[in-house]
Amino acid sequence: MLCMLKHLLLSSALVLALVAPCTGNAAGLRLAIQGTDCELCVHLAKSSIGQLAGVASVWIAPDKSQLLVTLKPGATVDPEAVLLLTRRSGYAVKRLESTGD
């Protein structure tokens with residue numbers, strides 16, 4: 001039931017994030033997260049963040065409590081959109097940092 005609720009919230013957040021302008025200049029983002037217990041939720045977070053314009057890949061390591069977003073060459077992404085989708089997936093974000101250039 002909780003995963004179904006997360007899925008509904010995630011779908012709503014995805015629509016909002018896809019229409020948000022993408023800004024920023026990082027080659028990627030690394031998030032320290034908590035709550036990566038549910039494989040379905042991990043999949044939903046990866047697929048929703050992965051649909052943001054400019055995102056090349058999303059990697060979640062539950063054992064390390066890390067989420068890594070890699071951008072396409074020359075692309076940018078709004079870190080707030082990534083935060084929103086991560087939180088709507090049910091994960092607490094402890095830290096967010098830019099990676100690369």
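In which helix is the place of S47? S47 has its place in helix α2, and this briefing on a predicted model sets that helix beside the sheet on which the description rests. The sheet is open and has four strands, which follow the order β2-β3-β1-β4 with antiparallel pairing.

**The sheet**

- Strands β2, residues 55-61, and β4, residues 92-99, form the edges of the sheet, since each of these two strands pairs on one side only.
- When direction is ignored, neighbouring strands of this sheet are turned against each other by 15 degrees on average.
- Strand β1, which covers residues 28-34, runs antiparallel to β4, and the two strands are joined by seven bridges.
- Within this part of the sheet, G28 stands opposite T99, a residue of β4.

**The helices against the sheet**

- Helix α2, made up of residues 39-50, lies across β2 and β3, the latter being residues 66-71, and the helix runs at about 160 degrees to β2.
- Helix α3, made up of residues 79-88, packs on the sheet and touches β1, β3 and β4, while the direction of this helix makes about 25 degrees with that of β1.

- A polar atom in the side chain of S47 lies 3.2 Å from the backbone oxygen of L44.
- S47 and S57 are ten residues apart along the chain, and their C-alpha atoms are separated by 9.3 Å.

- The side chain of S89 has a polar atom that lies 2.7 Å from the backbone oxygen of L85.

- Is A61 buried or exposed? A61 counts as buried, because its relative accessibility is 4% and the cut-off is under 20%.
- A61 and I33 are 28 residues apart in sequence, and the distance between them in space, taken from C-alpha to C-alpha, is 9.6 Å.

Note on methods:
Residues are numbered from 1 along each chain as its sequence is written. This is a predicted model: local features need pLDDT of at least 70, side-chain atom pairs count only at pLDDT 80 or more; totals for chains, interfaces and linings use all residues. Side-chain values use heavy atoms; hydrogens and water are left out. Two strands pair if DSSP finds at least two bridges between them. Axes are lines fitted to C-alpha atoms, for helices over the stretch in contact, and angles run from 0 to 180 degrees between N-to-C directions. Contact means heavy atoms within 4.5 Å. A polar contact is a pair of N or O atoms within 3.5 Å; within protein, one must be able to donate a hydrogen and the other to accept it, and residues adjacent in sequence count only if both atoms are side-chain atoms. Buried means under 20% relative accessible area, exposed over 50%, partly exposed in between (1.4 Å probe, protein chains only).
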